[in-house]
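Reader: Hi! Could you walk me through this one?
Author: Happy to, here it is.
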Amino acid sequence: LLKTLVFVNVGNTFIAALLVFVNLDKFETIAHEIEYANELTMASSEFLLAAAVAGYTPGSNERLLLGAVVFAMLVATAQLALYN
């Protein structure tokens, strides 16, 4: 699952960069939206990495990991909402 998320992340970044390279004026908005949506996949992959490193056992670390992921997703969603 992590490899798939990383592959989607790299692919989306490449597509957004290619759109900007082709025509900045025409594709700027869609490239930004792709990158902001890409942050949601990055937050998911960061959660998987943090859970693997921390061992993800129920306890005090569970709230910290969940809080960090929710905060990262809220920031990405806010950026996506504010840009439009």
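Author: First a term: helices (H or I, at least four residues) and strands (E, at least two) are DSSP runs, numbered from the N terminus. On that basis, the protein chain reads α-α-α along the sequence.

Reader: How many helices and strands are there in the protein chain?
Author: The protein chain has three helices and zero strands.

Reader: Thanks! What should I know about the source?
Author: This is a predicted model, where local features need pLDDT of at least 70, side-chain atom pairs count only at pLDDT 80 or more, and totals for chains, interfaces and linings use all residues. Residues are numbered from 1 along each chain as its sequence is written, and side-chain values use heavy atoms, with hydrogens and water left out.

Reader: What share of the 84 residues is buried?
Author: Buried residues are 17% of the 84 in the protein chain. Here buried means under 20% relative accessible area, exposed means over 50%, and partly exposed is in between (1.4 Å probe, protein chains only).

Reader: Let's zoom in on α1. Which residues of α1 are buried?
Author: Leu5, Asn9 and Ala16 are the buried residues of α1. They sit on the same side of α1, because they cover an arc of only 40 degrees around the axis. That arc is taken from the directions from the helix axis to the C-beta atoms.

Reader: What's on the face turned away from the buried side of α1?
Author: That face carries the exposed residues Lys3, Phe7, Val10, Phe14, Phe21 and Val22. Val22 belongs to α1, residues 2–22, and counts as exposed because its relative accessibility is 57%.

Reader: Which residues form the nonpolar patch on the surface?
Author: Phe14, Ile15, Leu18, Phe21 and Val22, with about 570 Å² of accessible area together. Patches take residues with over 30% relative accessible area and no salt bridge, joining like charges within 9 Å and nonpolar side chains (Val, Leu, Ile, Met, Phe, Trp, Tyr) within 5 Å. A salt bridge is a side-chain nitrogen of Lys or Arg within 4 Å of a carboxyl oxygen of Asp or Glu.

Reader: What is Asn38 in contact with, leaving aside neighbours within four places in sequence?
Author: Val8, Asn9, Asn12 and Thr13. Contact means heavy atoms within 4.5 Å.

Reader: Last one: where does Leu74 lie?
Author: Leu74 lies in helix α3, residues 60–83. The C-alpha atoms of Leu74 and Ala43 are separated by 9.8 Å.

Methods: Areas by Shrake-Rupley, 256 points an atom, 1.4 Å probe, with all protein chains shown as cover.
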